[in-house]
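The sequence and structure are shown first.

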Amino acid sequence: MSCEGAAEKMSGAQEETEPEKEDAVRRGEAEQQPVSKRRLKKLLKQQKWEEERELRKQRRKDRKQQRRLQRQNQQDESGGDVQSSRKRPRRDVTPSSVRVVVDCSFDSLMLTKDAGKLHKQIQRCYAENRRASHPVQLYLTSLGGQLKQSMDEKDKGWVNWKDINIKTEHYSDIITKEELVYLTSDSPNVLEELDQNKAYVIGGLVDHNHHKGITFDRAKELGINHAQLPLSNFVKMNSRKVLAVNHVFEIILAYLEKGSWQEAFFTVLPQRKGAVAVGQDGTNSQDKEEEEDSDSDSDADSDPDTAEQMEKKD
């Protein structure tokens, strides 16, 4: 080979390795860059997670084996009746003809996180209705937007839900106007009992009271009947009377089972609402008598609500 040919070959080899040298330099510089504490903590956590992978797997196997042995022992002791005893006893179920509609037409008024909260409340309604002794005819109307997206992403099994009517249409296109009653705390009408021929609408809205009175206004705009639950007749609460969708739904189920609004309210209302029965605010009768004697000249004596407000001030 000539000297010129050898020189050209060496020159080409040098040109081919030049990019590799640059990459090596970059990698060296990257390795020398300091790692932040947060990044280091994350890397160490990931490393520990990988190292303990097999240990976690073995622990799961051990727990599974332990449960299997426990079931086997129980079965041996009870003569093979464990499987039947583990099943939850099924109560007698008598379906109700009452229809309850969750109106999901407020999607555009909610934040994404609030639409997710509504999704969870609807899940609770569905689950409670499935286990109720008198399940209602449950409707989900105007489904779409953020709510449907949340259901698709977090609960894909909703398409297989049973005993529920899920519609993209508005409830007014499905049920006649005469049969509809919108449940809203702003209505001046008080619901005395449930009519088996009516469809009761619950506003599917989680807005932290930003849109006050919107369900009442919507009912008036559509020209449909409206009413509020008889909450004030039986219960005094420290917080506002606006209830979550699942609470209203569960109260209806409880009323159908117990036949008493008061029992239904105290079965469902969360403790944080501070609910007490009307006339039973926790003070004993002697204290009430002494307070009534001391305030005998006050107009508050003839007004229980005013008297209770004065007690709170004192």
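Reader: Which residues of H10 are buried?

Author: The model is predicted, so local features need pLDDT of at least 70 and side-chain atom pairs count only at pLDDT 80 or more, while totals for chains, interfaces and linings use all residues. Residues are numbered from 1 along each chain as its sequence is written, and side-chain values use heavy atoms, with hydrogens and water left out. Buried means under 20% relative accessible area (1.4 Å probe, protein chains only). The buried residues of H10 are Trp261, Ala264, Phe265 and Val268.

Reader: Within what arc do the buried residues of H10 fall, seen down its axis?

Author: The arc is that of the directions from the helix axis to the C-beta atoms. The buried residues of H10 line one face of the helix, because they fall within an arc of 100 degrees.

Reader: Against which elements do the buried residues of H10 pack?

Author: Helices (H or I, at least four residues) and strands (E, at least two) are DSSP runs, numbered from the N terminus. Contact means heavy atoms within 4.5 Å. The buried residues of H10 pack against helix H8 (231-234), strand E7 (235-236) and H9.

Reader: Are H9 and H10 roughly parallel or oblique to each other?

Author: Axes are lines fitted to C-alpha atoms, for helices over the stretch in contact, and angles run from 0 to 180 degrees between N-to-C directions. The axes of H9 (residues 245-258) and H10 (residues 261-268) come within 8 Å and cross at roughly 135 degrees. Angles under 35 degrees count as roughly parallel, over 145 as roughly antiparallel, 65 to 115 as roughly perpendicular and the rest as oblique. H9 and H10 are therefore oblique.

Reader: How does H5 lie relative to H9?

Author: The axes of H5 (residues 112-131) and H9 come within 8 Å and cross at roughly 15 degrees. That angle makes the two helices roughly parallel.

Reader: Which residues of H9 make the contact with H5?

Author: On the H5 side, the contact is made by Leu118, Gln121, Arg124, Cys125, Glu128 and Asn129. From H9 come Val245, Asn246, Phe249, Glu250 and Leu253.

Reader: Is Gly116 buried or exposed?

Author: Gly116 is found in helix H5. With a relative accessible area of 9%, Gly116 is buried.

Note on methods. Buried < 20%, exposed > 50% of the residue type's maximum accessible area, 1.4 Å probe, protein only.
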